[in-house]
Amino acid sequence: MKIAIMGAGLSGLACGITLEKNGIEDFTIFESRNEVDDRFVNGEIFLSALNAPIEDSISYLSEEFGIYLQPVGDIKKLIIRSENEMTTITGTLGFNVVRGRRGDSISKQMESQLHSKIVFNSKHTYEDLKKGYTHIILATGDASYSEKMWNYNRDFTVSLKGGIVKGSFDRYATMAWLNNNFAPKGYSYLIPLSETEANIVIAYPDLEENTYLDFDMLWNRFFEAVKIDLKEKMELVDSFEITKYIIGHCKEARIGNTFFTGNCYGAIMPFLGFGQFSSIMTGIYSAHDLCGKGKYDKLIRTFDKSYENSLILRRAMEKMDNNDFDFLVKHLNGHIGNIVLDFNNINFLNIISNILKSVGLFNSRES
Ligand SMILES: Cc1cc2nc3c(=O)[nH]c(=O)nc-3n(C[C@H](O)[C@H](O)[C@H](O)COP(=O)(O)OP(=O)(O)OC[C@H]3O[C@@H](n4cnc5c(N)ncnc54)[C@H](O)[C@@H]3O)c2cc1C
């Protein structure tokens with residue numbers, strides 16, 4: 001067996017680390033960039049409620065799989081704002097991590113746990129690699145190969161605009177805005193990276209009605225609102241923009257000896273666009289299959305179900321106006337919010353979809 005891993009991101013590195021832990025050394029990781037995570041800096045979240053019944057994804061990865069991640073902060077407070085409402089949910093809700101070209105990015109942390117060398121600046125295509133390797137792990141962080149191979153259902157695309165701001169932040173408080181004035185049918189957020197630095201982002205689906213939106217105008221509006229809400233003067237020190245980020249799902253997890261992992265598989269959950277945990281897990285499980293510890297398609301089945309639930313919520317969210325968001329945020333206030341987001345044995349996706357159904361936001365408009 002001679003294995004090529006295409007992509008040194010979360011899924012590719014998780015696969016490599018797991019292969020090594022299981023005594024398989026005959027693999028090569030090919031990375032097209034100059035170094036691991038050589039891209040814009042941003043904050044990303046592990047939200048525990050999305051991974052229920054796993055209560056703590058960071059300790060789960062350490063204890064079960066020997067993959068050690070150091071977040072930049074725990075999420076002890078989640079502040080959600082809509083146009084006229086605000087709620088604060090407290091508890092041990094998850095973790096903030098950093099991505100991109102910083103020493104503490106979680107991909108860099110994973111790279112340091114790998115013994116094998118990575119081949120950087122790789123120009124090899126999948127077709128090239130197939131000639132020299134018996135097994136290929138596709139871990140390129142996008143769906144281009146999956147789509148090219150007719151193995152992918154694209155559900156929608158998302159546009160994101162974000163930046164790093166300097167100011168004064170509570171590193172244990174993460175914030176989200178459900179407000180169509182900034183991110184129509186999507187959401188905006190602030191993730192603190194330290195006491196003086198945060199990542200702010202607007203993300204919205206590329207629906208037909210969003211085609212002619214002025215990205216910069218939405219962004220400026222959001223940035224001003226953040227300054228007002230936080231009563232902070234903030235300075236934008238870096239920015240990024242992503243258009244048409246593909247969200248979808250593979251039909252087959254494995255075709256012949258090619259494994260689709262991470263975003264190549266469809267690890268991103270459509271509701272909030274979270275895919276880190278499932279990307280790492282698909283990497284680990286593809287390695288387990290190669291080590292004879294289980295069948296990849298069966299091991300990752302749980303993520304297929306999460307994807308479906310998450311897509312239902314996304315579709316419901318696309319039908320919500322600012323009054324609906326006010327209603328939702330008001331009803332997430334206090335006790336209900338804590339139950340939904342801090343009671344980690346409950347499946348968050350099921351609960352929220354049930355709330356939406358019970359208040360008629362989902363059912364009535366479907367018919
Ligand atoms: C702005 C933004 C915010 C996000 N926020 C969150 C969040 O808060 N929480 C969350 O859980 N998820 C979030 N996600 C999603 C999460 O980042 C992804 O699901 C996850 O990183 C996917 O892991 P991966 O292994 O598939 O790809 P990546 O980690 O992106 O790695 C792919 C690697 O493959 C390399 N590569 C690409 N093409 C080739 C090639 N041809 N040959 C060799 N190498 C190649 C790339 O350079 C890269 O290093 C966010 C995504 C974005 C863009």
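Which residue in strand 10 is the bridge partner of Ala176? The bridge partner is Tyr189.

## Basis

This is a predicted model, in which local features need pLDDT of at least 70 and side-chain atom pairs count only at pLDDT 80 or more, while totals for chains, interfaces and linings use all residues. Residues are numbered from 1 along each chain as its sequence is written, and side-chain values use heavy atoms, with hydrogens and water left out.

## Strand 10 and its partners

Helices (H or I, at least four residues) and strands (E, at least two) are DSSP runs, numbered from the N terminus. Two strands pair if DSSP finds at least two bridges between them. Strand 9 (residues 173-177) pairs with strand 10 in the antiparallel sense over 3 bridges. Strand 10 also pairs with strand 11 (residues 197-205), in the antiparallel sense over 6 bridges. These two, strand 10 and strand 11, form a hairpin with 4 residues between them. Tyr189 stands opposite Val201 in strand 11.

## Burial of strand 10

Buried means under 20% relative accessible area, exposed over 50%, and partly exposed in between (1.4 Å probe, protein chains only). In strand 10 (residues 187-192), 6 of the 6 residues are buried, so the strand is largely enclosed by the rest of the structure. Tyr187, Tyr189 and Ile191 point one way, Ser188, Leu190 and Pro192 the other way, and all are buried.

## Asp289

Asp289 lies in helix 8 (residues 276-290). Asp289 is buried, with a relative accessible area of 10%. Its side chain makes a polar contact with the side chain of Arg254 (3.2 Å). A polar contact is a pair of N or O atoms within 3.5 Å; within protein, one must be able to donate a hydrogen and the other to accept it, and residues adjacent in sequence count only if both atoms are side-chain atoms.
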